[in-house]
Amino acid sequence: CQMAHVASTALGCRGKEEPKKSPRTEVSEEDAMQEIGVMAFDHCSKFQGVEPKPDVFATCRKYHRAGTKQGFRMGTDAMKNVLDEEWAGIKVEQ
């Protein structure tokens, strides 16, 4: 689930880069959940045959969702803090 946290932090902070578009686009939390959800499913699918079958797979998905949510919020908060600091510096200079 740590992979989900790191990847969603990057999405929250930097946004998503589209191949044909030059600027990065802002990503919503739902978009991050969908994007990271694909990675999480691939990772957790290897646990589908592990006993107890539904519990291990569901727990893996649950931790990926929690990591994604926390990581995304951490990334957006970091970017907001940077922007607020820069704005405060500009206001002081004026």
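Modeller: Gladly, and we can begin with the largest pocket, which is lined by 14 residues, with Gly12, Cys13, Glu26, Thr76 and Met79 nearest its centre. A pocket here is an open set of points on a 1 Å grid over the protein atoms alone, where a 1.4 Å probe fits, with protein on both sides within 12 Å along at least five of seven lines; lining residues have an atom within 4 Å of a point. This is a predicted model, in which local features need pLDDT of at least 70 and side-chain atom pairs pLDDT 80 or more, while totals for chains, interfaces and linings use all residues. Residues are numbered from 1 along each chain as its sequence is written, and side-chain values use heavy atoms, without hydrogens and water.

Biologist: Which helix gives the largest share of the lining of the largest pocket?

Modeller: Helices are DSSP runs of H or I with at least four residues, numbered from the N terminus. Both α1 (2–14) and α3 supply at least two residues of the lining. The largest share, five residues, comes from α3.

Biologist: Is Thr76 buried or exposed?

Modeller: Thr76 lies in helix α3 and is in contact (heavy atoms within 4.5 Å) with Gly12 and Cys13, leaving aside neighbours within four places in sequence. Buried means under 20% relative accessible area, exposed over 50%, and partly exposed in between, using a 1.4 Å probe and protein chains only. At 19%, Thr76 is buried.

Biologist: Which residue forms a salt bridge with Glu29?

Modeller: A salt bridge needs a side-chain nitrogen of Lys or Arg within 4 Å of a carboxyl oxygen of Asp or Glu, and a search of the whole structure finds one. Glu29 lies in helix α2 (residues 29–44) and its partner in helix α3 (residues 53–93), so the pair ties together parts 44 residues apart in sequence. Glu29 is partly exposed at 25% relative accessibility. With the closest N and O atoms 3.8 Å apart, the partner is Arg73.

Biologist: Which residue does a cis peptide bond join to Glu51?

Modeller: Most peptide bonds are trans. In this cis bond, omega is about -15°.
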